Structures are given as C-alpha cells and as structure tokens.
Amino acid sequence: MKTKFKNPFSQLTTGEWTLWGICMVITVISYVISNGTGFVSFLASLVGVTALIFVAKGFVIGQALTVVFAVLYGIVSLTQKYYGEMITYLGMSAPIAAFSVISWLRHPYKSSGEVKVSKLSKKQKILAAALSVCVTVAFYFILKALGNASLIVSTFSVTTSFLAAYLAYLRSPYYALAYTANDVVLIVLWTISTISDISYLPMLMCFVTFMANDVYGFYNWKRMQSRQADDSDDI
C-alpha cells in the first residue's frame, strides 16, 4: 500500500506560517538592501529558513533541505576564506544531514509525519562531548594551517555546528540549543564580512532568522517529546 504524500506546508500552524513568512521577508529585504548582489547567499538563506521550520516540526524534508543549504553555504564561505565553515558544512553537516534523513525515516512517530524524539543515553552524551572536543582540537590546527579568517570564532563555529548536526541525527531536542549557539557565532562571523562588503548582508540576516527558528525548534521538540511520552503512557 502506497503512503499518500502530504504537503508539508499544509501542516504548518498559523504561528509557524507567521515565523516562516517573517523570516522570508527579512531575507528578501536584506537582499534588496545589498543591491541585489550575493545571489548565492540569498538563495542559501531562503533554503535554510525553509529547512529549519520543517526541522523544527520534526519533518524529514527539513533534513533534506539542510543538505542543499550546506552545499550553498559552503560555496559562499569559500568566497570569504572561511575554510572552516566550508569544510564543516560540506564535509560534516551535509553528510550528517543525509544520514539524518535515513535515521528519521527509520524512526517515524506513528503516521503524524514527524520523527520520534529520542532521549540521550549517558553513553551518547559522553560520546557527543568527546567527539566535539576532538573536532575542536583537530579543526583549530587545520584552520590555522589553511590561514582561515577569524580563527577562534571559526573554530567555535565548527564545534557547535558539529554538535548540533550530531544531536539532530540522534533525534534529540538539544540539537536546537547547539544550533542556537552556532547561530550566535555565525552572526558575529558574518557581521565582520558584511561591514566590509554589503553583499553578505543576506548571509548575516540568514543566521539572525536561523536563531529565531532554532529557539522555536527547541520549544516545539520539547512539546513533541512530552506529547509522544504521554501517548505512550496511554497505550
């Protein structure tokens, strides 16, 4: 029996439509202010904002769009010599998002279209922390050797980005908190670029809107976790 495709946009609440719409308007305005330059940054922002609203809903399509965003963002990062961002998103975030698509498809929550939220075990927490430390140390020296711009900020961005992607793969609500921390770092990083070149304004505003989506994502995933637990108790 074939599963009927559900339009993911039709499942957004009024509040989610509003959040997505505001973020899209901000992205378009920032592109206009930048005189229509930096189209790849603009396109990456549109894809990224759309990806995050669906990730916040726990929909697999959000992870699929994350792969597309990672490729576009890697291209933009290369132009600014943010090699850490490029390597992280093309070499880690994109592959992990692709694996997350598989993981989420294997762990659906009933027929709701959303993923089943997972509670991290002690072993998973220790492994996530250990891997994050290893990634931080390794990338600090890699980026230093490559002459990466804004070395310390970029290194911390790699750490938070890896942790967020890994937690999303594990289906933990705390992916959103890690991404929020990553958003703060990237707002700083792209503010530096925008000061010297206004064409990067869409990329800066991209992460401002990302932060709003990630804060909502944590809130919604905790609600999903609570609702799913209550449903299990009723069985």
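This is a predicted model: local features need pLDDT of at least 70, side-chain atom pairs count only at pLDDT 80 or more; totals for chains, interfaces and linings use all residues.

Residues are numbered from 1 along each chain as its sequence is written, and side-chain values use heavy atoms, with hydrogens and water left out.

Let me turn to the fold. The chain holds 8 helices and 0 strands, and its elements run α-α-α-α-α-α-α-α from the N terminus on. Here helices (H or I, at least four residues) and strands (E, at least two) are DSSP runs, numbered from the N terminus.

How does the radius of gyration agree with that of a compact globule? For 235 residues such a globule would have a value near 18 Å, and the chain has 18 Å, so the two agree. The radius is taken over C-alpha atoms, and the globule rule is 2.2 Å times the number of residues to the power 0.38. The C-alpha trace spans about 60 × 40 × 30 Å along its principal axes.

Of the 235 residues, 50% count as buried; buried means under 20% relative accessible area, exposed over 50%, and partly exposed in between, with a 1.4 Å probe and protein chains only. Among contacts with a separation of 6 or more, 74% join residues 24 or more positions apart, a contact being heavy atoms within 4.5 Å. The accessible surface comes to about 11,300 Å², and 72% of it belongs to carbon and sulfur atoms. These areas come from the Shrake-Rupley method with a 1.4 Å probe; for residues, only the protein chains shown count as cover.

Next, the aromatic rings. Rings of Phe, Tyr and Trp (its six-membered ring) pair if their centres lie within 6.5 Å; planes under 30 degrees apart count as stacked, over 60 as edge-to-face and the rest as tilted. By this rule there are 24 aromatic pairs. One of them joins Phe 69 and Phe 210, with ring centres 5.2 Å apart and planes at 55°, so the pair is tilted. This pair links distant parts of the chain, since Phe 69 lies in helix H3 (residues 60–79) and Phe 210 in helix H8 (residues 201–234), 141 residues apart. Phe 69 is buried at 4% relative accessibility, and Phe 210 is buried at 6%.

Tyr 140 and Phe 141 form an edge-to-face pair, 5.2 Å centre to centre with 85° between the planes. Tyr 140 is partly exposed at 27% relative accessibility, while Phe 141 is exposed at 54%. Ring pairs also link Phe 69, Tyr 73, Tyr 89, Trp 190, Tyr 200, Phe 207 and Phe 210 into a cluster.

Finally, two loop residues. Lys 110 is exposed, at 56% relative accessibility. Arg 171, in the loop between helix H6 (151–169) and helix H7 (175–196), has a phi near 65°, again positive in a residue other than glycine. Arg 171 is buried, with a relative accessible area of 12%.
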